[in-house]
Protein chains: 2
Amino acid sequence: MRGAVLHGPRDIRFEERPDPEIQAPTDAIIRIVAACVCGSDLWPYRGINKINGPMPMGHEYLGVVERVGDEVTSVRPGQYVIGSFVASDNTCPHCLAGFQTACVHREPVSGAQADFLRVPLADGTLVATPGEPTPEMIPSLLTLSDVMGTGWFAAVAARVEPGMTVLVVGDGAVGLHGVLAANQKGAARIITMSRHEPRQKQAIEYGATDVITERGDDGVAKVRELTDGVGADAVLECVGTAESMQQAIKSARAGAHVGFVGVPHDVHIDGIQLFRTHVAVHGGPAPVRQYLPELIDLVWKGEINPGRVFDLTLPLDQAAEGYRAMDERRAIKSLLLP
Amino acid sequence: MRGAVLHGPRDIRFEERPDPEIQAPTDAIIRIVAACVCGSDLWPYRGINKINGPMPMGHEYLGVVERVGDEVTSVRPGQYVIGSFVASDNTCPHCLAGFQTACVHREPVSGAQADFLRVPLADGTLVATPGEPTPEMIPSLLTLSDVMGTGWFAAVAARVEPGMTVLVVGDGAVGLHGVLAANQKGAARIITMSRHEPRQKQAIEYGATDVITERGDDGVAKVRELTDGVGADAVLECVGTAESMQQAIKSARAGAHVGFVGVPHDVHIDGIQLFRTHVAVHGGPAPVRQYLPELIDLVWKGEINPGRVFDLTLPLDQAAEGYRAMDERRAIKSLLLP
């Protein structure tokens, strides 16, 4: 089969790779129906995260089950399935508490930008769709594998409740899905921070009521102005830098939760700042497995359209261009179809 | 009148001070029935927090209303009252959200280790008891002014729920009240970290089921051992040092909240640690005003006895000895009676 492999900074090659095999009786092999490029893929792509030799890329996937190991019981060949970017047994105490990305048997899933993919712990990782999805549903279902589930977790961790004023920091695909999640959870007002017109438009389509273009202390002042000096009731931090975390904490009202899902890069939080502000922080790799049944149902009924974040669709063998477009910020998110 | 005044490191003098006056129509003047020494008073006492000139001490109080300003309507002379260590209007958005210590009109209350005390914003700060308390109730009611309310907030911020395994870091009076709060909230198991036998005993009386004497990584390993490797469902951090915060975060299970109420001294939290562990942190100066009605009711009915943390009772004019005993760890907490 063929798949996208990162050989070095900005060097993605779509090349021949060994067909994946069943390695454990709990594995499944799926044929990829749709994959995409994640914002987090850009860290190694840009050379900021080092790689040890050629690295098969991609961890977001929608596929059809080809074959399963002897112990797999919950999915069968021919089913359309979506799974998390982290394989989990879905039976350990952390999984049962809803934190499948902290599963005691967790394994990263990688190499999804390819014709086929091995998914470990298939019973605890994959969820089948109710039937064969329409072509229109496919992009939206694909997002549930990571990006939409991550925006959803940001809203969960920020404890968004009906009627709240919610701030979303970050206008990437995760931030846009954070807006969609906050809207779905009944937020009365959703403030997004964005300077990019296409992203502003998408945020508004997903339910944003206010767009702030200011950053830093000016951005904080603007949030205060929009909230009668009080601050946001819940904040979704969808970037992962020291600046974005400060933006989030300083814009939150006393007692608010900041849900953070961008992988933190050099983010250090002073305990006394949290103490003085009463702001809570909660985040991590989103336990998207927990949300798959609920979110598949919402997509299936046409209630949410997270697939709209894809503004570039390419054949899988042009994965390299998908990376370039996102790296150069020409695209929000690149969809890859075999 | 007379009151305790800090003149410099370890120099507490009980001396003549001006009688407090009504300064604003929202003020109340109360006659102190009971006061005490707070762990946080030891920071300036030890010279770690600098003071600017002589500093009247004390912010925990139970008193009888002497007179009130023209605008005070909720308390009247002769009533027994308890108030927070931070005065609040109890009507602003932060107060209404339950964070009275973030009130837009907040003012510290100080000088309570004295015969009389001025309490600003009396309507929003003081709560009257149902009647004249018995002498046995007085120490317990006094604790609601800060220390018990702070332990309670630690349990609230840690999101303690019935059936949980709760870890309490810190065996001072706040930590002991954290144990009591966790027990009251239905924790199935309460692990306390303590090396002091009298404190261990008090923790057990308040509901602790397990006592850990190990610290640092050994302490973390012990918590893991006691929880089948999972970690605590909720953690109360009642110290405020970098070590205690690490103890708390590392002992928590994925998704658990650390409720922290010790004023952080040089506590810096790495964003990636919180990300990788899924541990949430939430704390601050406890909004004890929020809990006063509920906790007064529990004390009145005899359901909780937080006053047992006082293991030294002195006349108010011997306040200096109350400080010395706590500084030298001869006493957990000193009660001062006029």
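Predicted model: local features only at pLDDT ≥ 70, side-chain atom pairs only at ≥ 80, totals over all residues.

1. As for the extent of the interface, 34 residues of chain B are in contact with 34 residues of chain A. The area buried between chain B and chain A comes to about 2900 Å², and carbon and sulfur atoms give 68% of that area.

2. Which elements supply the side of chain B that touches chain A? At least two residues each come from helix 2 (93-96), strand 15 (252-260), strand 16 (268-270), helix 10 (271-277) and strand 17 (280-283) of chain B. Strand 15 of chain B gives the most to this side, with five residues. Sorted by class, the side of chain B that touches chain A has 20 nonpolar, 11 polar and three charged residues.

3. One salt bridge is formed by the side chains of A:R31 and A:E66, at 3.7 Å from N to O. This pair links distant parts of the chain, since A:R31 lies in strand 3 (residues 28-36) of chain A and A:E66 in strand 5 (residues 61-68) of chain A, 35 residues apart.

4. Within chain B, helix 5 (residues 147-157) packs with helix 11 (residues 288-300) at an angle of about 105°, and the axes of the two helices are 10 Å apart. Helix 5 of chain B is therefore roughly perpendicular to helix 11 of chain B, because angles of 65 to 115 degrees count as such. On the helix 5 side the contact is made by B:M148, B:G149, B:T150, B:W152, B:F153 and B:V156, while helix 11 of chain B brings B:V288, B:Y291, B:E294, B:L295 and B:L298. By class, the residues of this contact between helix 5 and helix 11 of chain B divide into eight nonpolar, two polar and one charged.

Terms used
Residues numbered from 1 in each chain as written. Chains lettered and ligands numbered in written order. Heavy atoms only, no water. Axes fitted to C-alpha atoms, helices over the stretch in contact; angles between N-to-C directions. Helix = DSSP H or I, 4+ residues; strand = E, 2+ residues; numbered from the N terminus. Parallel < 35°, antiparallel > 145°, perpendicular 65-115°, else oblique. Contact = heavy atoms within 4.5 Å. Nonpolar A, V, L, I, M, F, W, Y, C, P; charged D, E, K, R; others polar. Buried area = accessible area lost by both parts, 1.4 Å probe. Salt bridge = Lys/Arg side-chain N within 4 Å of Asp/Glu carboxyl O.
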